Amino acid sequence: VWRFGVSTKNGMNDTLRTIVGLLEGGKPELQVAAAQVLGELRTKEQSAVRALGAGIERSPVLARFCLEALAKIRSAAALELVACATLRGDPCADHAAHLLADIGAPAHGVLARIYPQAIGDARQRILGVLGREPSAKAQEVFVHALSTPDTAPDAALFLERATANGALATGSELRQLLTDKLDEPLPDACVVHVLQVLARLD
């Protein structure tokens, strides 16, 4: 497969290598341009994805363009980098969450994997993304969140919104997961929120 004269199937050719080189060591405006081009090419070449990931750490301005490029590429490695950016404590975290919300269910698997690493605002950020259209992977995270006093209120709120907006296509699996959870010892505050969600699902 060839796009814009760059091989996207059999590794990097000279043109792609040059673009990656500009991203890694060019002037700031050329780094931004290189990130945009890599996003348009949607190349899954590992060296390009790694360079975009490194660009996230270089500057807040470049980070936005690198995140947007990775969101367009959508390979497993690219989505992992965007998802990990939601754990940051800077504006890039919100931008990464917005991009993942637009991607939807294909990003839920990686968000579910990194959720245990998240703390504070990062957990709320991830729940907000997953709550837009709760997939099966997302529902597993919500069950965990509802079982934790710190996150139970937010988890219940996002699920209630999803149910009200019709974003939760079917609640039967979630209902069963939450019903099973009630058989376990839970803090009273968590039990209250689980019951609220079950009432909404019914």
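**Exercise 1. Burial and surface**

Find what share of the residues in this predicted model is buried.

*Solution.* Step 1: take the residue total, which is 202. Step 2: apply the cut-off, under 20% relative accessible area. Step 3: read the result. Buried residues make up 47% of the protein. Step 4: turn to the surface. The protein exposes about 10100 Å². Carbon and sulfur atoms supply 53% of that area.

**Exercise 2. Elements and extent**

State how many helices and strands the protein has, and give their order along the sequence.

*Solution.* Step 1: count the elements. There are 12 helices and two strands. Step 2: read along the sequence. The pattern is β-β-α-α-α-α-α-α-α-α-α-α-α-α. The C-alpha trace spans about 60 × 35 × 25 Å along its principal axes.

**Exercise 3. A helix pair**

Decide whether α2 and α4 are roughly parallel or roughly antiparallel to each other.

*Solution.* Step 1: locate the helices. Helix α2 covers residues 28–41, and helix α4 covers residues 60–73. Step 2: take the distance. Their axes come within 8 Å. Step 3: take the angle. The axes cross at roughly 10 degrees. Step 4: compare with the cut-off. Angles under 35 degrees count as roughly parallel, so α2 and α4 are roughly parallel to each other. Step 5: list some contacts. In α2, the residues that meet α4 include Val32, Ala35 and Leu38. Among their counterparts in α4 are Leu62, Phe65 and Ile73.

**Exercise 4. Charges**

Work out how far apart the mean positions of the positive and negative charges are.

*Solution.* Step 1: count the charges. The protein has 21 positive and 23 negative charges. Step 2: compare their mean positions. These are 8 Å apart.

Note on methods. Residues numbered from 1 in each chain as written. Predicted model: local features only at pLDDT ≥ 70, side-chain atom pairs only at ≥ 80, totals over all residues. Heavy atoms only, no water. Helix = DSSP H or I, 4+ residues; strand = E, 2+ residues; numbered from the N terminus. Buried < 20%, exposed > 50% of the residue type's maximum accessible area, 1.4 Å probe, protein only. Areas by Shrake-Rupley, 256 points an atom, 1.4 Å probe, with all protein chains shown as cover. Lys, Arg positive; Asp, Glu negative; His and termini not counted. Charge placed at Lys NZ, Arg CZ, Asp CG, Glu CD. Axes fitted to C-alpha atoms, helices over the stretch in contact; angles between N-to-C directions. Parallel < 35°, antiparallel > 145°, perpendicular 65-115°, else oblique. Contact = heavy atoms within 4.5 Å.
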